[in-house]
Amino acid sequence: MPEMNTSSLPDLIFTILFFFMMVTTMREVTLKVKFTIPAGTELEKLEKKSVVSFIYVGPPTDNLRAQMGSSTRIQLNDRFAEAKEVMDFVAAERQGMTNQAEQIISIKADQHTQMGYITDIKEVLRKSWALRINYSATKRN
Amino acid sequence: MPGLNTTSTADISFMLLIFFLVTTSMDTDMGLARRLPKPPDPDQEDATMDIKSRNILYVRINAAGQLWIKDEMNSGYGELGELRARVKEFVKNEQNLSKLPEKHVKNIDLLGQCFVTDKHVVSLQTDRGTPYNMYFQVQNELVAAYNELRNEVSKQKFGREYQYLKDEEKKAIREYYPQNISEAEPKKYGGDQ
């Protein structure tokens, strides 16, 4: 019996590798807060996904409201957090980046959030030298 | 038994690869890009710059989401719709009025001697209770005003819109109309002005 032809094995492996690369950058956190982001006209695309970290701000989702209440909360990765924890979050996110100077923090906040929460986050971001930020929004005409 | 024909496996894997590339880049996140100021230097006492009052345009948003715009020309409550025109008028100071930002000659690469208002500051202040959406819309209008001004001058000088310029040309335009938006510590303000 002749040997099995394995010349295409590298291709298959590469495909699987690429698949996992894609999936890991796609990784979305389970949202624990709900938000409707504002709509704007002067928006820019977030091109390099690898340098972007998200901060979610809004009231807890309906099924978490019983435990967490309905006031505005901040979500970092998969958990609720306080504004001052943003500093550790930024540092942790920065660790894994090759071009750390390009780090962008994207703030996905609900339209009805009071600015106090956003200002607190911005102050912490300034202190942690994460100066490039992005207010996430949808396009409108 | 002849070997299985595997010549098309590479094609199949490439198609899979392209499929994933396309599907993952489809959901592009968009947003308004801003840059925060550097953190305050603890060694420095109080770095309040002396800015002539003609060079400042105050934009304040109160907790009710109302807009208050003030420069030396006039001041008072304003609508979001008029903000863009007000900012453009302020930053441009076309007639070199004494109540709008001072202009002076600046030598910019590629543009030569220009008469610019690069000392102007747009001071944006919010209250802790200001709705985020209002703040966002104001930021959006400010950026829009600057973008329109930059487009005007870039069409005039280079014959193209700002986004189509080369990097060094963009830099020259940015020097012509620098984005000086300052966001001071938000404060509670009541009666005193």
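A:Asn134 stands opposite B:Ala33 in S1(B), and that's a handy way into this predicted model. The strands here are S7(A) and S1(B), the latter spanning residues 30-35 of chain B, and they pair in the antiparallel sense over five bridges. Around that pairing, 45 residues of chain A are in contact with 40 residues of chain B.

**Chain A's side of the interface**

- Five elements of chain A give two or more residues to the side that touches chain B: helices H1 (9-26) and H4 (115-127), plus strands S2 (44-45), S6 (104-109) and S7 (132-136).
- If you're wondering which of them gives the most, look at H1(A), which puts in nine residues.
- As for make-up, this side of chain A splits into 19 nonpolar, 16 polar and ten charged residues.
- S7(A), one of the contributing elements, is also the strand that pairs with S1(B).

**Chain B on its own**

- Chain B carries four helices and eight strands.
- Walk along the sequence of chain B and you get α-β-β-β-β-α-β-β-β-α-α-β.
- Chain B has 193 residues, and 23% of them count as buried.
- Among contacts in chain B with a separation of 6 or more, 61% come from residues 24 or more positions apart.

How values were computed: Residues numbered from 1 in each chain as written. Chains lettered and ligands numbered in written order. Predicted model: local features only at pLDDT ≥ 70, side-chain atom pairs only at ≥ 80, totals over all residues. Buried ≥ 20, exposed ≤ 12 C-beta atoms within 10 Å, placed from the backbone. Contact = placed C-beta atoms within 7 Å. Nonpolar A, V, L, I, M, F, W, Y, C, P; charged D, E, K, R; others polar. Pairing = 2+ DSSP bridges.
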